[in-house]
Amino acid sequence: MIAHSLGCDAVLHYLETLGESAMSVGKTVLVASRFPAGMSPEEADKKIEGDEVLKPWLTARVDPKNVKMAAGKCTVILSDNDPYIPIAEAKASFQENFAAEIIVEHRKGHFNEDDNIAELPSALSAAVF
């Protein structure tokens, strides 16, 4: 499984359901992700900047035990200047919830076109068996 940004939340929710069924994938690569630990509605309101579509994603939580069971070898790729994903918070949440390998890229922003990122070799390397 490979995902970016809010797509990572979708993948983590899917992995939670797989873990509930004692199933797993071989590898998971998450780029510009945070671990969905369930922000309070008030915390989410501060982060969404008026974009109500984001609120359910930020307030949802997943069971780390089930996700860990299903994720296989998990790699999380973060940027030290991502405007949406605070690196210290993301690293702490993944280290607290399961033993993911964390790769920190320098000055890659949110790994998107706005940051002129069209290729991410570390993601490709993490995905290769």
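In this predicted model, strand β2 is a mostly covered element, with five of its five residues buried. The covering extends to both faces of β2: Lys27, Val29 and Val31 are buried on one side, while Thr28 and Leu30 are buried on the other.

The neighbours of β2 come next. On one hand, β2 pairs with β1 in the parallel sense over three bridges, and here Leu30 of β2 is the bridge partner of Ala3. On the other hand, β2 and strand β3 (residues 73-79) are joined by five bridges, again in the parallel sense; in this pairing Leu30 stands opposite Val76 of β3. These strands belong to an open sheet of four strands, ordered β1-β2-β3-β4 and paired in parallel. Its edges are formed by β1 and β4 (101-105), each of which pairs on one side only. From one strand to the next, the twist averages 15°.

Buried positions in α1 are Cys8, Asp9, Val11, Leu12, Leu15, Glu16, Leu18 and Gly19. Their cover includes the strands β1 (2-4) and β2 (27-31), along with the helices α3 (55-59), α4 (64-71) and α5 (87-97). Following α1 comes Ala22, a residue with a positive phi near 60°.

Methods
Residues are numbered from 1 along each chain as its sequence is written. This is a predicted model: local features need pLDDT of at least 70, side-chain atom pairs count only at pLDDT 80 or more; totals for chains, interfaces and linings use all residues. Side-chain values use heavy atoms; hydrogens and water are left out. Buried means under 20% relative accessible area, exposed over 50%, partly exposed in between (1.4 Å probe, protein chains only). Helices (H or I, at least four residues) and strands (E, at least two) are DSSP runs, numbered from the N terminus. Contact means heavy atoms within 4.5 Å. Two strands pair if DSSP finds at least two bridges between them. Axes are lines fitted to C-alpha atoms, for helices over the stretch in contact, and angles run from 0 to 180 degrees between N-to-C directions.
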